[in-house]
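Reader: I'm new to this one, could you walk me through it slowly?
Author: Gladly, let us look at it together.

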Protein chains: 4
Amino acid sequence: MTTRVGILGATGAVGQRLVQLLDPHPEFEIACVTASDDSAGRPYGEAANWRIDVPMPDALADLDVARTEPDAIPDDVPLLFSSLPSAVGERVEPPLCEAGYVVSSNSSNDRMADDVPLTIPEVNGDHLDLIEVQRDSRDWDGALVKNPNCSTITAVPPLAALAEFGLETAHVATMQAVSGGGYSGVTSMEIIDNVLPHIGGEEEKVETEPTKLLGEFDGAEVKRHEVDIAASCNRVATVDGHLESVWADTREDITADDAARAMRELPALDLHSSPDQFIEVFEDPDRPQPRLDRMVGGGMSVAAGGLRETTRGVQFNCLAHNTLRGAAGASVLNGELLVERGWV
Amino acid sequence: MTTRVGILGATGAVGQRLVQLLDPHPEFEIACVTASDDSAGRPYGEAANWRIDVPMPDALADLDVARTEPDAIPDDVPLLFSSLPSAVGERVEPPLCEAGYVVSSNSSNDRMADDVPLTIPEVNGDHLDLIEVQRDSRDWDGALVKNPNCSTITAVPPLAALAEFGLETAHVATMQAVSGGGYSGVTSMEIIDNVLPHIGGEEEKVETEPTKLLGEFDGAEVKRHEVDIAASCNRVATVDGHLESVWADTREDITADDAARAMRELPALDLHSSPDQFIEVFEDPDRPQPRLDRMVGGGMSVAAGGLRETTRGVQFNCLAHNTLRGAAGASVLNGELLVERGWV
Amino acid sequence: MTTRVGILGATGAVGQRLVQLLDPHPEFEIACVTASDDSAGRPYGEAANWRIDVPMPDALADLDVARTEPDAIPDDVPLLFSSLPSAVGERVEPPLCEAGYVVSSNSSNDRMADDVPLTIPEVNGDHLDLIEVQRDSRDWDGALVKNPNCSTITAVPPLAALAEFGLETAHVATMQAVSGGGYSGVTSMEIIDNVLPHIGGEEEKVETEPTKLLGEFDGAEVKRHEVDIAASCNRVATVDGHLESVWADTREDITADDAARAMRELPALDLHSSPDQFIEVFEDPDRPQPRLDRMVGGGMSVAAGGLRETTRGVQFNCLAHNTLRGAAGASVLNGELLVERGWV
Amino acid sequence: MTTRVGILGATGAVGQRLVQLLDPHPEFEIACVTASDDSAGRPYGEAANWRIDVPMPDALADLDVARTEPDAIPDDVPLLFSSLPSAVGERVEPPLCEAGYVVSSNSSNDRMADDVPLTIPEVNGDHLDLIEVQRDSRDWDGALVKNPNCSTITAVPPLAALAEFGLETAHVATMQAVSGGGYSGVTSMEIIDNVLPHIGGEEEKVETEPTKLLGEFDGAEVKRHEVDIAASCNRVATVDGHLESVWADTREDITADDAARAMRELPALDLHSSPDQFIEVFEDPDRPQPRLDRMVGGGMSVAAGGLRETTRGVQFNCLAHNTLRGAAGASVLNGELLVERGWV
């Protein structure tokens with residue numbers, strides 16, 4: 001039996017990836033797509049400037065785009081995937097949750113709210129139970145679940161693997177792909193023969209979201225992890241795939257081999273979109289590379305490599321496909337977990 | 001009065017930059033250029049596959065390329081600039097120094113030798129006096145002086161400015177331009193839509209060379225600075241200009257303003273190739289960028305920006321033109337200082 | 001004696017190049033800069049998102065930006081350089097000309113109007129005399145002079161050199177730099193690892209503008225040249241410099257040597273911004289290349305190479321810096337000619 | 001029943017694509033891989049620097065690489081796919097054919113030999129019968145079959161569709177991907193922010209190979225087609241996918257619609273690697289684009305777009321994946337046809 005789902009913000013860069021993932025999905029059926037008022041009322045095939053290198057699914061081309069408003073969403077669509085600009089998400093997601101929809105959202109609004117689960121299924125799937133608290137406090141029939149920022153999702157799985165060694169501090173330098181800025185976010189004049197050393201708001205996300213993701217949920221609240229993270233976020237001329245240089249300092253002694261083993265042993269899940277191997281650790285110091293390795297695990301694995309001991313812990317590189325594992329795939333995976341756990 | 005100079009390895013990427021800088025130089029006159037045996041005997045204009053975006057100086061086009069051997073260098077050329085592959089440098093530089101030539105070298109061989117000055121004039125010009133020690137120990141009439149690796153030169157000036165606050169540890173993630181690998185070092189298949197997370201041997205250079213550059217010369221030896229550096233070196237799709245994300249932890253409390261002031265106040269020198277402002281600190285968090293800012297100070301300044309306090313010190317970005325300030329310009333500046341101080 | 005000039009649309013990509021060229025210009029003095037209403041009233045240093053790799057001239061940083069309206073331009077500024085969006089140019093240029101200003105414009109509006117000179121000084125400077133006709137027919141005190149589209153300017157000089165052989169048809173395939181689309185015209189998602197095979201409106205310009213440029217002015221009108229041009233315009237991932245593959249079919253027999261000689265002999269002018277050599281012809285079949293050769297002649301020469309005979313004429317490549325020779329420099333050169341000929 | 005096959009030159013850029021296509025192929029079984037003497041004797045997984053963005057097939061990793069010599073190929077491998085450097089192909093292919101192997105080769109040697117079929121199955125599959133002539137004249141038990149150059153394969157299918165209108169002349173400007181030069185053929189310094197206006201030997205191939213492909217085989221020889229082609233070959237910064245601007249002049253009048261219809265109606269074949277639609281014609285003038293459309297038809301279709309009438313015929317853009325349809329896939333398709341027609 002499939003679940004009818006909607007996609008909020010379906011014409012954007014992440015929205016198109018949601019379409020790509022959900023159209024052939026055996027558990028979900030796309031029943032509705034929404035976009036801004038400019039696109040509403042037009043067939044999706046016309047409204048979306050499709051920019052993915054596989055063709056737009058035929059079934060979607062003729063689907064009419066709805067406005068992103070509660071009353072434009074059919075009642076028999078229990079699960080919504082959201083990749084809205086945060087200002088829009090902030091306005092429309094809560095009323096939808098109040099009206100009974102479960103929203104698996106990639107939008108950055110409300111990620112750090114105390115009663116909103118911020119979840120990577122393999123890392124902290126148990127945080128979904130925070131929905132109980134959320135429903136109590138907000139008097140909602142639906143629920144709001146968030147996945148983290150794409151650059152956070154890249155670094156947190158390896159850091160989660162190192163938590164057992166007493167993770168104390170981390171330094172993260174990102175080299176992020178242009179698709180993370182949306183289709184028009186980064187101009188060609190900005191990025192050819194260039195690197196942008198700053199992405200507005202990004203460093204704060206990488207520094208704060210992990211404390212929630214790595215925190216412990218005690219049934220009432222998520223106790224934040226005390227890791228102290230400093231991030232420097234850079235934009236480079238890659239299409240997809242965020243690569244990050246990370247240093248993790250641990251209380252306990254740790255070798256590069258210990259770290260590799262811990263990363264490899266972080267279990268994958270048995271959800272439809274889960275990769276067989278959650279973290280793929282490369283031995284070759286030249287890997288992972290964005291162009292060659294972003295599709296590892298169908299774009300849903302996190303890749304790591306270049307492990308080396310430092311005087312205070314280990315350093316490594318990590319890579320994830322920012323619009324698959326880091327955005328659309330992250331929301332879909334959360335949706336699959338929501339269904340499996342009975343929240344939808 | 002001008003000094004007659006030679007260029008060893010004049011056809012390579014850095015060698016061409018040396019030609020570009022030395023041809024119009026008011027204090028130097030290019031008297032000889034050398035290259036590998038394949039090129040020897042041919043006019044420079046034919047032997048060099050000129051790849052700089054200003055035309056090859058006319059005077060050089062007809063100059064015959066000599067072999068890179070002591071007996072191929074005229075006696076009346078007291079100063080040689082060297083940008084040889086390190087294996088070649090190791091073999092030919094010492095005999096040249098023994099024969100009385102002063103060699104200002106960009107080659108990586110012998111940089112960490114105890115009696116070889118490793119010098120950035122604005123940072124540790126006084127280390128040149130190590131030449132006394134060198135001449136004594138090696139019984140040379142000439143001298144061998146090195147400039148550091150291009151990625152080291154980018155990070156060390158800002159770190160030198162922070163030394164007064166008790167610099168303890170640094171994390172450095174580099175995003176290096178392809179010209180740093182020489183004309184054929186990085187293939188197009190490797191770098192289009194990609195980042196390479198590893199550059200062989202580079203991390204070790206960035207971790208060790210600064211301890212010598214920031215060390216104190218006591219008249220007999222250079223006492224290494226105790227800063228503990230961890231580096232992760234990445235290659236990105238820029239032509240010129242290494243950008244680096246740096247975290248510096250200091251014993252003393254330090255604000256971003258303190259750091260900016262200290263960087264701005266690091267004095268420039270009065271040499272021909274010195275920029276007016278040694279470290280250019282940008283307020284705009286989007287700067288410095290390789291394409292826009294690598295030519296600051298004629299390609300001889302170091303640019304910094306994105307200063308931010310962390311719990312343990314400050315973080316910042318820095319940028320230098322890797323084949324000018326980071327290589328050819330570094331050697332030329334050392335050459336100018338050698339002449340000014342009377343070593344040539 | 002210098003002429004006071006204004007720049008209309010001074011904050012855009014071409015506007016910034018106009019500032020770069022006009023600030024140090026010995027014959028002109030920038031008295032006024034205009035931009036859209038969003039920018040009006042702010043200092044230029046704040047309103048312009050400066051994106052050229054040399055610093056913004058200090059003198060301009062504090063100049064207040066005016067609105068692009070006739071009454072916002074001081075009366076004592078006889079010459080205006082215009083790089084406005086064509087819809088704006090169409091609206092504001094004619095009233096300015098009526099009010100007595102001479103406008104040297106890069107905007108595409110009115111380029112093909114019968115009484116508007118469309119001029120490349122070295123090719124058809126005599127067409128400036130069409131201003132007499134223009135003033136008569138429009139009852140203007142000022143004048144409107146246009147330079148062609150950047151991709152036209154690249155191909156026309158070599159074609160003009162071949163006119164003596166009876167130029168009949170031409171095929172032009174362009175590979176145009178992203179700066180031609182303005183700062184935000186081409187997104188990074190569109191161009192990394194990609195080529196765009198279409199630029200709206202561009203092919204028509206390349207096919208029609210040359211017939212006017214190569215036409216004969218008989219004192220009353222410009223008789224269009226009958227060359228039949230077919231163009232295919234592509235956008236590639238270069239920052240600056242349009243490269244074009246051209247086939248020119250001629251009535252008379254022509255060798256590659258004839259063509260090279262004719263191109264080299266097309267005379268340069270004696271204006272301040274004229275290059276010494278108008279068309280630089282390369283022997284090396286690998287040249288010209290955008291990155292290496294766009295700055296030939298200070299960015300004001302046209303480069304050609306790869307000359308080869310075909311069964312119907314010759315084929316060649318040509319290159320010009322699209323925002324210098326192809327836009328801002330083109331307008332400045334027209335301005336210099338307007339002053340020299342006494343129209344200002 | 002599967003055919004055992006060998007891959008000559010299996011470690012190069014095209015060789016890796018052959019491995020990628022042949023490993024999962026239902027009709028073929030990779031029995032042997034060869035490479036240069038440096039690689040011979042090592043397992044393929046070690047000898048090949050795998051650079052494709054899907055993992056190397058497990059079965060291949062342990063296969064020992066053989067030398068590219070007749071006596072190193074097992075006797076029970078009737079079909080060999082060859083992507084050798086032409087100098088090597090020239091030396092080893094004929095003895096292999098003499099020894100009874102059928103060689104489907106992508107190497108450029110012998111493509112224009114009168115008794116060697118140069119074949120694109122959908123265009124001139126009947127030319128395979130030239131093998132009879134070949135076996136007679138050379139006294140071979142095996143056979144040598146060639147596919148054309150990658151840039152030829154891109155342009156010829158649309159030109160073949162236009163042949164019915166009396167194709168007289170064509171102008172072809174290519175914008176070729178770097179993978180066409182092999183892994184080390186184009187350096188990053190050459191291509192970032194640049195276009196190379198010349199590819200040695202390429203123009204001649206594009207000008208001559210089509211006359212053979214479009215020629216008529218009369219049972220004894222291929223009568224060359226009389227189309228007069230002029231080509232200009234450029235290298236751009238794309239990883240895969242050659243885009244070409246083409247003008248085709250025809251004796252008969254032709255509209256853009258006629259041309260589109262003729263292209264769409266060129267029949268596909270029923271071979272395993274045949275795409276459903278041989279030539280995919282886009283209506284959107286912005287397509288085809290290399291990054292978005294090179295994988296149309298699994299990388300085996302040819303894409304066309306931008307159709308427009310000229311005074312002498314039509315102009316259009318075309319695109320094919322240069323290492324799939326343009327090289328490895330071309331050889332595999334020829335191999336499938338060789339088996340189907342009973343030559344293997």
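Author: A term first: buried means under 20% relative accessible area, exposed over 50%, and partly exposed in between, with a 1.4 Å probe and protein chains only. This is a predicted model, in which local features need pLDDT of at least 70 and side-chain atom pairs count only at pLDDT 80 or more, while totals for chains, interfaces and linings use all residues. Residues are numbered from 1 along each chain as its sequence is written, chains are lettered from A and ligands numbered from 1 in the order in which they are written, and side-chain values use heavy atoms, with hydrogens and water left out.

Reader: OK, so is Thr323(D) buried or exposed?
Author: Thr323(D) is buried, its relative accessible area being 3%.

Reader: And where is Thr323(D) found in chain D?
Author: Thr323(D) sits in the loop that runs between strand S14 (313-320) and helix H12 (324-340) of chain D; helices (H or I, at least four residues) and strands (E, at least two) are DSSP runs, numbered from the N terminus.

Reader: Which residues is Thr323(D) in contact with, leaving aside its neighbours within four places in sequence?
Author: With those neighbours left out, Thr323(D) is in contact with Arg17(D), Ser179(D), Asp240(D), Ala328(D) and Gly329(D), where contact means heavy atoms within 4.5 Å. The side chains of Thr323(D) and Arg17(D) are also joined by a polar contact of 3.0 Å, that is, a pair of N or O atoms within 3.5 Å, of which, within protein, one must be able to donate a hydrogen and the other to accept it, and residues adjacent in sequence count only if both atoms are side-chain atoms.

Reader: Switching topic, how much do chain B and chain A bury between them?
Author: Chain B and chain A bury about 3400 Å² between them, with 49% of it on carbon and sulfur atoms; buried area is the accessible area (1.4 Å probe) that two parts lose on being put together, summed over both.

Reader: How many salt bridges are there across the interface of chain B and chain A?
Author: The rule finds eight salt bridges there, across the interface of chain B and chain A, each a side-chain nitrogen of Lys or Arg within 4 Å of a carboxyl oxygen of Asp or Glu. Glu207(A) and Arg308(B) meet through their side chains in a salt bridge (2.5 Å, N to O).

Reader: What about chain C and chain A, how many salt bridges there?
Author: Across the interface of chain C and chain A the rule finds zero salt bridges, although four residue pairs are in polar contact (both at pLDDT 80 or more). Chain C and chain A bury about 1300 Å² between them, 74% of it on carbon and sulfur atoms.
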